[in-house]
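I opened my notebook to follow one protein chain through its fold. What would I look up, and in what order?

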Amino acid sequence: MPSRLTGAEADRHGSTRTHQRQHRAVTGLSQTAVAQIDRANAAATMLRGGLDWRTVVDALGYFDQAHLAHALRRFVGHTARGLRSGDEPTMSFLYKTDPRPGS
């Protein structure tokens, strides 16, 4: 999530808005979008590891099953059931081995 700079930190590093614009210029995505993608990838890793959706929802802070399902379809392109069963094709971009966001 975006960090808030105050006082001397803001003077040294520029404004929060400047930081947001620089991040988008470099990655092509907002910091929020990057965090959502990271969380969806972590959820996919956990589901592929055999955890049920309730555990994933609790661990990663999704509101409910529908919220998790929407994120998986949007950012990963697969359903929770497909990820757990292994019926979905291999996800080559899912390179993380640690299910925690930001790892």
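**Entry 1: contacts along the chain.** I began with contacts whose partners have a separation of 6 or more, and 47% of them join residues 24 or more positions apart. I noted that this is a predicted model.

**Entry 2: the elements.** How many helices and strands does the protein have? I found six helices and zero strands. Reading from the N terminus, I wrote the order down as α-α-α-α-α-α. I also looked up burial: of the 103 residues, 25% count as buried.

**Entry 3: two helices that cross.** I learned that a pair of packed helices is described by two things, the angle between the axes and the distance between them. I then turned to α3, residues 31-48, and α4, residues 53-60. Their axes come within 10 Å and cross at roughly 145°. The crossing of α3 and α4 is right-handed.

Which residues meet there? From α3 I listed Arg 39, Ala 42, Ala 43, Met 46 and Leu 47. From α4 I listed Trp 53, Val 56, Ala 59 and Leu 60. I sorted this contact by class and got eight nonpolar residues, no polar ones and one charged.

**Entry 4: the largest pocket.** I looked up its volume, which is about 170 Å³. Its lining includes Trp 53, Gln 65, Leu 68, Ala 69 and Arg 73. Thr 79, Ala 80, Arg 81 and Arg 84 also line the pocket. The elements giving two or more residues to this lining are α5 (65-76) and α6 (80-85). Helix α5 has the largest share, with four residues. By class, I recorded four nonpolar, two polar and three charged residues in the lining. Trp 53 was already in my notes, as one of the α4 residues that meet α3.

**Entry 5: His 78.** I found His 78 in the loop between α5 and α6. Is His 78 buried or exposed? Its relative accessible area is 13%, under the 20% cut-off, so His 78 is buried. I also checked His 78 against Ala 44, which is 34 residues away in sequence. From C-alpha to C-alpha, the two are 8.6 Å apart in space.

**Entry 6: Arg 74.** Next I looked up Arg 74, which sits in helix α5. Arg 74 has a relative accessible area of 57%; that is over 50%, so Arg 74 is exposed.

Methods
Residues are numbered from 1 along each chain as its sequence is written. This is a predicted model: local features need pLDDT of at least 70, side-chain atom pairs count only at pLDDT 80 or more; totals for chains, interfaces and linings use all residues. Side-chain values use heavy atoms; hydrogens and water are left out. Axes are lines fitted to C-alpha atoms, for helices over the stretch in contact, and angles run from 0 to 180 degrees between N-to-C directions. A crossing is left-handed if the near helix is turned anticlockwise from the far one by less than a right angle, and right-handed if clockwise. Contact means heavy atoms within 4.5 Å. Ala, Val, Leu, Ile, Met, Phe, Trp, Tyr, Cys and Pro count as nonpolar, Asp, Glu, Lys and Arg as charged, and the others, Gly among them, as polar. On a 1 Å grid over the protein atoms alone, a cavity is a set of points where a 1.4 Å probe fits but cannot get out, and a pocket is an open set with protein on both sides within 12 Å along at least five of seven lines; lining residues have an atom within 4 Å of a point. Grid points are joined across faces, edges and corners, and a volume is the space filled by probe spheres set on the points. Buried means under 20% relative accessible area, exposed over 50%, partly exposed in between (1.4 Å probe, protein chains only).
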